Amino acid sequence: MIFIGGGNNVNQWNSLKEIVITEAKEGGSAGEFEVKPYTNLYYKETFEDESMFALDGEAKYTLKDNMLIFDDTEKALGSTVWLKKEMPKNYTVRYKARTVVPELAGNINMFMSAKTLDRKAPYEMDFGGKYAEYHKHCDMYILTLTGDFDFETSSNVGYTRSRRDPGFQLLSENKNIKTLHNHEHSIEVTKRDGTIQIIIDGKLAHLFTDENYIDRNGYFAFRTWKTKVLFYDFEVCSE
């Protein structure tokens, strides 16, 4: 863990301007996309200090070789690992993720700008890793990347979605980008006030404007369900 850089009311949000990207766009670099990313390094996570993380749920995780190795394939109930560092309200976050055997659902999630509705750090609460509890009690953005799977009880065709809690409201969906097993996915999210741009593997995955955007600092978390995934090369840039 490396800290580099040095608020705000939770908005009541009732309306949303949504732009749904239905076809992925190629781009040679982030600078070619509509929203310019931040470049001043604020925080870089090296996945070495256990005290910086908090598990919510029954999955297993380890820190090794500068990676978060997150495995929810045993009980497969869904779990979250919170990063216990408050981040700025505007940012560009970059990280890499790779699913490994037994990857099962190809589920790669990130919580961003998160706090509880009463403005507490979510890792201080005990949600038991239950996804529905976050939707009721947290104010945050969610980025989901899933793969194809066909279980006895459920099946899925991969996609990526961005949502807003509370309420689990869909902001953007892209069915042209999905998790590929054992593939290194590079993900970049830029939030400039209410405009959020998400680039996955050099392609524009999501671009939308939340008119009642989160205008405060918040927390990030790694989440997965029925998947073993590696997270690494995590860094946050800001103004």
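The dialogue below goes through some features of a predicted model of one protein chain.

Q: What should I know before reading numbers from this model?
A: The model is predicted, so local features are given only at pLDDT of at least 70 and side-chain atom pairs only at pLDDT 80 or more, while totals for chains, interfaces and linings use all residues. Residues are numbered from 1 along each chain as its sequence is written, and side-chain values use heavy atoms, with hydrogens and water left out.

Q: What is the mean pLDDT of the protein chain, and where does pLDDT stay under 50?
A: pLDDT is the predictor's confidence in each residue, from 0 to 100. Where it is low, the predicted coordinates should not be read in detail. Here the mean for the protein chain is 89, and 87% of its residues reach 70 or more. Over residues 2-31 the value stays under 50. The model still has 90 contacts beyond four places in sequence for residues 2-31; a contact means heavy atoms within 4.5 Å.

Q: How many helices and strands does the protein chain have?
A: Helices (H or I, at least four residues) and strands (E, at least two) are DSSP runs, numbered from the N terminus. The protein chain comes to one helix and 19 strands.

Q: How many strands form the open sheet, and in what order?
A: Strands of a sheet pair through backbone hydrogen bonds, either parallel or antiparallel. Two strands count as paired if DSSP finds at least two bridges between them. In this model seven strands form an open sheet in the order β4-β7-β18-β9-β10-β13-β14, with antiparallel pairing. Its edge strands are β4 (53-56) and β14, each of which pairs on one side only. On average, neighbouring strands of this sheet are turned by 20° against each other, direction ignored; the axes are lines fitted to C-alpha atoms, for helices over the stretch in contact, and angles run from 0 to 180 degrees between N-to-C directions.

Q: Which strands pair with β18, and over how many bridges?
A: Strand β9 (residues 108-116) pairs with β18 (residues 218-224) in the antiparallel sense over four bridges. Strand β7 (residues 79-87) also pairs with β18 in the antiparallel sense, over six bridges.

Q: How many residues of β18 are buried?
A: Buried means under 20% relative accessible area, exposed over 50%, and partly exposed in between (1.4 Å probe, protein chains only). In β18, seven of its seven residues are buried. Over the protein chain, buried residues make up 53% of the 239 residues.

Q: Is N174 buried or exposed, and what does its side chain reach?
A: N174 is found in strand β14 (residues 169-174). It counts as buried because its relative accessible area is 0%. A polar contact is a pair of N or O atoms within 3.5 Å; within protein, one must be able to donate a hydrogen and the other to accept it, and residues adjacent in sequence count only if both atoms are side-chain atoms. A polar atom of the N174 side chain lies 2.8 Å from the backbone nitrogen of N176. The side chain of N174 also reaches the backbone oxygen of A205, at 3.1 Å.

Q: Where is T179, and which backbone oxygens lie by its side chain?
A: T179 is found in the loop between β14 and β15 (185-192). Its relative accessibility is 6%, so T179 counts as buried. A polar atom of its side chain lies 2.7 Å from the backbone oxygen of G106 and 3.3 Å from the backbone oxygen of L145. Leaving aside neighbours within four places in sequence, T179 is in contact with residues including T99, I108 and H185.

Q: Which peptide bonds are cis, and which residues have a positive phi?
A: Most residues other than glycine have a negative phi, and most peptide bonds are trans. In this model the bond from V101 to P102 is cis, with omega near -5°, and P102 is found in the loop between β8 (91-100) and β9. A cis bond also joins D165 and P166, with omega about 5°; P166 is in the loop between β13 (160-165) and β14. N182, not a glycine, has a positive phi of about 60° and is in the loop between β14 and β15. D233 has a phi near 50° and lies in strand β19 (residues 228-238). With a relative accessibility of 39%, D233 counts as partly exposed.
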